[in-house]
Amino acid sequence: MSRHPAPDELLLDYATGVLPEGPALALSLHVALDPAAQRTVGRLTAVGGALLEGEVGADLGQAALDQVMARLDSVAVEPKAPPPRRRSGFEWAPASLVPYLGNKGWKRVFGGFEQIELSLHGDTHRVALLRLQPGRGLPVHRHVANEYTVVLQGGYTDNTGNYGVGDFAVGPGANEHEPIADPGEPCIALIVVEKPIVLTGVWGRWLNPLLRWGWM
């Protein structure tokens with residue numbers, strides 16, 4: 001079980017298919033790596049449609065969410081299909097990520113980390129795989145909109161805690177953070193951002209325009 005699971009509200013949105021493609025991809029990876037989230041989504045998928053249409057109506061508040069979660073244990077989970085073949089060097093990639101990889105490879109970018117940008121179909125979220133070597137970090141920054149992170153290999157630590165494989169992070173909102181890769185193997189994570197990050201370090205004033213224009 002993940003030390004940092006996705007919120008139930010997001011799992012319900014994922015199960016009912018209402019999330020944009022970027023956040024949905026992040027949730028799919030978390031579900032693939034976290035057995036507890038996998039069981040929850042499997043049961044939500046089985047009963048969610050009937051509950052949403054018949055019992056809770058259009059106003060899905062906390063009481064309705066609690067009602068859905070309370071009904072899950074009685075529903076069987078469908079078996080999973082066999083995963084697709086993974087490229088050499090990408091064995092860590094869950095099945096739902098494989099179609100997005102194509103022949104893409106790692107590219108070194110500003111800050112000393114590596115990145116693979118993923119293409120979406122009509123979604124304005126920016127989605128990328130980041131690879132940080134142990135002890136290396138992202139520049140200090142904050143967010144002005146939603147950010148979703150799921151760890152696929154290794155781990156990282158910031159001021160909100162320590163995150164390992166399968167862990168899911170939302171935010172941290174307007175607070176600054178500086179994710180630093182843990183010792184051991186490189187940290188690989190999928191990052192989904194709604195708007196460009198804002199660098200808050202000494203070079204932020206000069207580099208933030210490049211982030212807004214998509215040059216970094």
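Rings of Phe, Tyr and Trp (its six-membered ring) are taken to pair if their centres lie within 6.5 Å, and the planes are called stacked when under 30 degrees apart, edge-to-face when over 60 and tilted for the rest. The structure described here is a predicted model, in which local features need pLDDT of at least 70 and side-chain atom pairs count only at pLDDT 80 or more, while totals for chains, interfaces and linings use all residues. Residues are numbered from 1 along each chain as its sequence is written, and side-chain values use heavy atoms, with hydrogens and water left out.

The structure holds 5 aromatic pairs. One of them is formed by F90 and W92, a tilted pair with 5.6 Å from centre to centre and 45° between the planes. Both F90 and W92 are buried, a term that denotes under 20% relative accessible area, with exposed meaning over 50% and partly exposed in between (1.4 Å probe, protein chains only). F90 and W92 also belong to one aromatic cluster with W106. A further aromatic pair, Y148 and F168, is likewise described as tilted, at 6.2 Å centre to centre and 40° between the planes. Y148 lies in strand 5 and F168 in strand 8 (residues 168-170), so the pair ties together parts that are 20 residues apart in sequence. Here and below, helices (H or I, at least four residues) and strands (E, at least two) are DSSP runs, numbered from the N terminus. Y148 counts as buried at 9% relative accessibility, and F168 counts as buried at 3%.

The interior was examined next in terms of nonpolar cores, each a set of buried Ala, Val, Leu, Ile, Met, Phe, Trp, Tyr and Cys residues joined through side-chain atoms within 4.5 Å. The largest nonpolar core has 34 residues, of which W92, L97, L118, L129 and L190 touch the most other members. At least two residues of this core are supplied by each of helix 1 (8-15), helix 2 (21-33), helix 3 (35-54), helix 5 (98-101), strand 2 (114-118), strand 3 (126-132), strand 5 (147-153) and strand 10 (187-193). Helix 2 gives the most to this core, with 6 residues. Apart from this core lies another, of 14 residues, among them F113, Y156, A181 and I191. When residues up to four places away in sequence are not counted, L118 is in contact (heavy atoms within 4.5 Å) with L25, L97, Y100, L101, K104, V127, A128, L129 and L190.

Helix 2 also contains S28. This serine is buried, with a relative accessible area of 11%. The side chain of S28 reaches the backbone oxygen of L25 at 2.7 Å. Such a polar contact is a pair of N or O atoms within 3.5 Å; within protein, one must be able to donate a hydrogen and the other to accept it, and residues adjacent in sequence count only if both atoms are side-chain atoms. Leaving aside residues up to four places away in sequence, S28 touches Y14 and S96.

Strands of a sheet pair through backbone hydrogen bonds, either parallel or antiparallel. In this model, 3 strands form an open sheet in the order 7-6-9, with antiparallel pairing; two strands are said to pair if DSSP finds at least two bridges between them. Strand 7 (161-163) and strand 9 (180-181) are the edge strands, each pairing on one side only. Strand 6 (residues 156-158) is joined to strand 9 by 2 bridges, and these strands run antiparallel. Within strand 9, I180 stands opposite T157.

The structure also holds 3 salt bridges, each defined as a side-chain nitrogen of Lys or Arg within 4 Å of a carboxyl oxygen of Asp or Glu. The side chains of D167 and R3 meet in one of these, at 3.4 Å from N to O. D167 lies in the loop between strand 7 and strand 8 and R3 in the segment before helix 1, so the pair ties together parts that are 164 residues apart in sequence. D167 counts as buried at 2% relative accessibility, whereas R3 counts as exposed at 52%.

E114 forms a salt bridge with R131, the closest N and O atoms being 2.9 Å apart. This pair links distant parts of the chain, with E114 in strand 2 and R131 in strand 3, 17 residues apart. E114 counts as buried at 14% relative accessibility, while R131 is partly exposed, with a relative accessible area of 21%. E117 forms a salt bridge with R126, in which the closest N and O atoms are 2.9 Å apart. E117 is partly exposed at 37% relative accessibility, and R126 is partly exposed at 26%.
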